[in-house]
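Please read it alongside the sequence and the coordinates.

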Amino acid sequence: MTKVVAVTGNEAVANAFRQIEPDVCAAYPITPQTELMQRFASFVSNGQVKTELILVESEHSALSACVGAAAAGGRVATATSSQGLALMWEILFIAAGFRLPIVMPVVNRALSAPINIHCDHSDAMGARDSGWIQLWSENAQEAYDNTIQAFRIAEDMDIRLPVMVCYDGFIISHSIERIEYLDDETVKSFVGDYKPLFPLLDVDNPKSFGPLILTDLYHEVRKAHSETYKKVPQVVLRVAEEFEKISGRKYGFFEAYRLEDAEIGIVILNSAAGTTKDVIDEYRQRGVKVGLLKPRLFRPFPYEEIGNALKHLKALCVLDRADAFGGSYGPLYLDIAASLCNYSQKPLLINRIYGLGGRDYMPEQAAKVIEELMEIAKTGKVGSLKEYIGVRE
Amino acid sequence: MIGWKDIPPGMVILEAGSAMKIKTGSWRAAYRPKWIEENCIHCLLCWLYCPDNSVKVKDGKRGEFDYDYCKGCGICAVECPGKKGNKAIVMEEEVK
Ligand code: SF4
Ligand code: SF4
């Protein structure tokens, strides 16, 4: 039984939290995440969930409390955005290193300076190598679905890793969309009872978290940690398959849109993929063979599968909603380039930076990119590899 | 030494009391604590505050220091209330 509702992205994710009812939630408010935690706090104060909600004085404390609660043996969640995620930085690596299955929606927002509350992806991109699994979501439905799946992925006994669920600040978090809610019982039985691994509160079996490990073992510990991520893709697919059975909605590593027979393509994350698909439809009607790839599992990055899905193209643009300062390329671009680097036949690549700090991504921008790709495919010449688009001169 | 395949998830140490295997007494440099039994009121604050396993307790009574684990940090000497203003722990120069 599903229920069709009109809600904001934050409301949808708060509802997923209500349905899952984590044991502990420690959070600090930050725009645009605030509405999510505020709604969840109402569920707590109304007695709709028994979650222990810890209101802390900073995001550093929020994630630290989550680490403690998860090590104690509870199902734990939090949420943040932008500067909040930046302040969690130190603890992100500890949560992953301890293999604690914490779930954290990241409502994507630009980083300071200058201060800005609107969407771009620089927050989550800055945390991409912290060891958290990252699932990215185009719309409120995907944010809701990914949140539910995130608990199953994080808690899988083969991996036990924290998961971020990324969705666009304001564009998705605060816009009302039609979405389908699964009923409470379905979600509860899908997620299942929490099974702790090495809980500290099991005092009959004493154990220690957080040892000092120096030159004699640190290198081995990191190798073991790195190997764990090889098991993540299979878990993500297994959970997606089961989720399809209860929802009818299909998830994988990425969405490929009109890509199979395409000659040119665009890679783009999150909400801007929707706009891009519309423009692709217009160009398809004119006979232009253009397609799109929208990553969902961004960490660990499915290099092989994505490389395979893109290698047949003649020209490809990676659209990044985050820049990498210091003269580098957009973070998504670098991974796409790496996924293609060993194929002898591969597309010519360009990187375009769009939509920083909530700047609207308009259909004309997608059209301009497609026109440029058509030219590159025809001439075999790349003018400029990395450029900002939609920027005033 | 163990290889990477034998490391438990999250590096969690499942063996209780395994810190006893690491003799941190080798960290001690300039000073070591000395117990003065006649000033001791057996409050066990030194046992509570000691960050390692160097204060021994038997039948609820304060026993000798185990210098195999004593880092010489001096916390016990600071915390010790002693008897009538006379400390039951003092820090002495390490004998080489
Ligand atoms: S000096 Fe430090 S390590 Fe040694 S017994 Fe005193 S408190 Fe313990
Ligand atoms: S703290 Fe001082 S008085 Fe108390 S037990 Fe230790 S040595 Fe004795």
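Ala65(A) is partly exposed, with a relative accessible area of 22%, where buried means under 20% relative accessible area, exposed over 50% and partly exposed in between, using a 1.4 Å probe and protein chains only. This is a predicted model, in which local features need pLDDT of at least 70 and side-chain atom pairs count only at pLDDT 80 or more, while totals for chains, interfaces and linings use all residues. Residues are numbered from 1 along each chain as its sequence is written, chains are lettered from A and ligands numbered from 1 in the order in which they are written, and side-chain values use heavy atoms, with hydrogens and water left out.

Ala65(A) belongs to helix H3 of chain A; helices here are DSSP runs of H or I with at least four residues, numbered from the N terminus. Once its neighbours within four places in sequence are set aside, Ala65(A) is in contact with Ala26(A) and Ile54(A), contact meaning heavy atoms within 4.5 Å. Leu269(A) is 204 residues away from Ala65(A) in sequence, and the two C-alpha atoms are 31 Å apart in space.

**Helix packing**

Two packed helices are described by the angle between their axes and the distance between the axes. The axes are lines fitted to C-alpha atoms over the stretch in contact, and the angles run from 0 to 180 degrees between N-to-C directions. Helix H3 (residues 59–72) of chain A packs against helix H4 (residues 82–97) of chain A at an angle of about 25 degrees, with the axes 7 Å apart. H3(A) and H4(A) are therefore roughly parallel to each other, since angles under 35 degrees count as roughly parallel, over 145 as roughly antiparallel, 65 to 115 as roughly perpendicular and the rest as oblique. On the H3(A) side the contact is made by residues including Leu63(A) and Val67(A), and on the H4(A) side by residues including Leu87(A) and Ile91(A). The residues of this contact between H3(A) and H4(A) divide into nine nonpolar, three polar and two charged, where Ala, Val, Leu, Ile, Met, Phe, Trp, Tyr, Cys and Pro count as nonpolar, Asp, Glu, Lys and Arg as charged, and the others, Gly among them, as polar.

H1(A) and helix H7 (residues 184–191) of chain A pack at an angle of about 70 degrees, their axes being 8 Å apart, which makes H1(A) roughly perpendicular to H7(A). Arg18(A), Gln19(A) and Ile20(A) of H1(A) meet Asp184(A), Val187(A), Lys188(A) and Val191(A) of H7(A) in this contact, which by class has three nonpolar, one polar and three charged residues.

**Salt bridges**

Over all chains, a search of the whole structure finds 35 salt bridges, each being a side-chain nitrogen of Lys or Arg within 4 Å of a carboxyl oxygen of Asp or Glu. The table gives some of these pairs.

| Pair | N to O distance |
|---|---|
| Glu11(A) and Arg39(A) | 3.6 Å |
| Lys250(A) and Glu244(A) | 3.5 Å |
| Lys21(B) and Glu15(B) | 3.1 Å |

The pair of Glu11(A) in helix H1 (residues 9–20) of chain A and Arg39(A) in helix H2 (residues 34–45) of chain A links distant parts of the chain, 28 residues apart. Glu11(A) counts as partly exposed at 24% relative accessibility, and Arg39(A) is partly exposed at 30%. Lys250(A) counts as exposed at 66%, whereas Glu244(A) is partly exposed at 29%. In chain B, Lys21(B) is exposed at 59% and Glu15(B) is partly exposed at 44%.

Conventions. Helices (H or I, at least four residues) and strands (E, at least two) are DSSP runs, numbered from the N terminus.
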